[in-house]
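Student: Could you go through this structure with me? I would like to take it one part at a time.

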Amino acid sequence: MLTGRVNAPDLTTAHGWLNTDREWSIKDLRGKIVLLDFWTFGCINCQHIVPDLKRLEEEYKDVLAVIGVHSAKFDAEKQSETIKQAIRKFGIEHPVVNDADYKLWDQYGIKAWPTIVLIDPNGKVVGQHAGEGVYDTVHPYIQRLKDEFKDSLNYKPVRFHVEHSESTILSFPSKLISDNEGNIYLSDSGHNRVLKLNQQGQILETIGSGEQGFNNGGYADATFYEPHGLALHNDTLYIADAKNNAIRKVDLKHKMVTTAAGTGELAYYFLDEKDGEPVNPNSPWDLLIHGQNMFIASAGNHQVLRMDLETGEVYRFAGSGREALTDGPLLEAAFNQPSGLSISGDVLFVADAEASAIRTINLSTAIVRTPLGRGLFDFGDVDGDVDDALLQHCVGVEIIDSDVYIADTYNGKVKVLDLSRNRIHTLAKGLQEPNDLIFLNGKLWVTSTNSHQLFKIDLNTGEKEEVIVG
């Protein structure tokens, strides 16, 4: 953590404040230790530090004030309404200032997401820290400031007005799959549970108590923390329990939940580290079973992992661990927060969210390619030839014949990549952060995550029909 005491620039913005009923200035917070969190909501590393911030807020609730500074990467992330949805999704309980024009980012000299800045009770910057590991890094400095300013600190907790989400049947629904009978399993991620539905939307079973946690047991007792990807193998349902950094295993016959992989801790592997040795997932976002292997989109470490379904061991499969768009052999290639998986023959398709790209992994040749996408900061909403086309933070992918259906998440659209013509077009629009799509009974089923809805889409007309869940 860098050190130095200079006056902290004030928290002025032309784009407004969220999660509070007023604006805040550095002067308003005199007598408090202030922690600024510079973040952007699609960044998995920014999401990783949320528990650290909550832990610090609880331990130092008498002297610490945390302020989020949302300096968006993507155009869609600049909108106050989408930031508000992210605040609700992640359970953030402190004010957030919308820094859409990077004014505060520049004034504080920020270079990367996430970065935290610590300010002393006299309004002077103590230093900043970029990346994860926030609690262990910052805790000693906060304690030191508390000791240093013990006679002048304001010990009365700051009461921020926090917006609470409205109650809905679904809360940020994300990934979905169907079984052989045509029933649907849906990750109701904001409610920390998985639902089994029929095609009319009727809830047949609920897996998980709805409480946030990491407990095994029966359906009513098991707990999850933001479940996403799902995969079925005979009578077993696998769940990517994203924020628990785990793969959960559901015995559908005996209605019991266990943990197949992961300890709850974040795990990182780079270059050839741990190649051929068992590893743990890091924010697993999607799952796909092919033969006796289950592929895991390990978004937090920018890799695709492989679980041997016979042994239950998880191994590295593709991705060096660097966040980049690099093609080539499996462990030399690099991904950017892989978040969606689908397969056609021996080719695994990956929605590579932060690069707004569609990647392929040829299971026969062990080579990674990029049929659509250019890099971490190349994004937009452009149809046409693949050389010109742009997506914006795509999270889901589904293959039907030679067409790749894409949940173009931040554009609120479903797009279709025609592999035979190397062209892309929009099938449907007006969705709110679509997360996943599956082909079932001639329709494309799509989750509209931020509107808490499930839709069926006509493949010919793009017409949407809501499936009312209840």
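Tutor: What follows covers a few residues and helices in turn.

Tutor: This is a predicted model, in which local features need pLDDT of at least 70 and side-chain atom pairs count only at pLDDT 80 or more, while totals for chains, interfaces and linings use all residues. Residues are numbered from 1 along each chain as its sequence is written, and side-chain values use heavy atoms, with hydrogens and water left out.

Student: Where does arginine 193 lie?

Tutor: Arginine 193 lies in strand 10, residues 193–197. Strands (E, at least two residues) and helices (H or I, at least four) are DSSP runs, numbered from the N terminus.

Student: Is arginine 193 buried or exposed?

Tutor: Arginine 193 is buried, because its relative accessible area is 17%. Buried means under 20%, exposed over 50%, and partly exposed in between, with a 1.4 Å probe and protein chains only.

Student: What does the side chain of arginine 193 reach at 2.9 Å?

Tutor: That side chain reaches the backbone oxygen of isoleucine 169. The side chains of arginine 193 and aspartate 188 are also joined, by a polar contact of 2.7 Å. A polar contact is a pair of N or O atoms within 3.5 Å; within protein, one must be able to donate a hydrogen and the other to accept it, and residues adjacent in sequence count only if both atoms are side-chain atoms.

Student: New topic. At what angle do helix 2 and helix 5 pack?

Tutor: Helix 2 (residues 50–59) and helix 5 (residues 134–148) pack at about 25 degrees, their axes 9 Å apart. Axes are lines fitted to C-alpha atoms, for helices over the stretch in contact, and angles run from 0 to 180 degrees between N-to-C directions.

Student: Which residues make the contact?

Tutor: Helix 2 supplies Asp52, Leu53, Arg55, Leu56 and Glu59, and helix 5 supplies Val134, Tyr135, Val138, His139 and Ile142. Contact means heavy atoms within 4.5 Å.

Student: And helix 3, which residues are buried there?

Tutor: In helix 3 (residues 80–90), they are Thr82, Ile83, Gln85, Ala86, Ile87 and Phe90. These buried residues pack against several elements, including helix 1 (44–48), helix 2 and strand 4 (64–70). Just after helix 3, glycine 91 takes a positive phi of about 70 degrees.

Student: Last one. Where is glutamate 332?

Tutor: Glutamate 332 is in the loop between strand 21 (328–329) and strand 22 (338–344). Glutamate 332 is exposed, because its relative accessible area is 57%.
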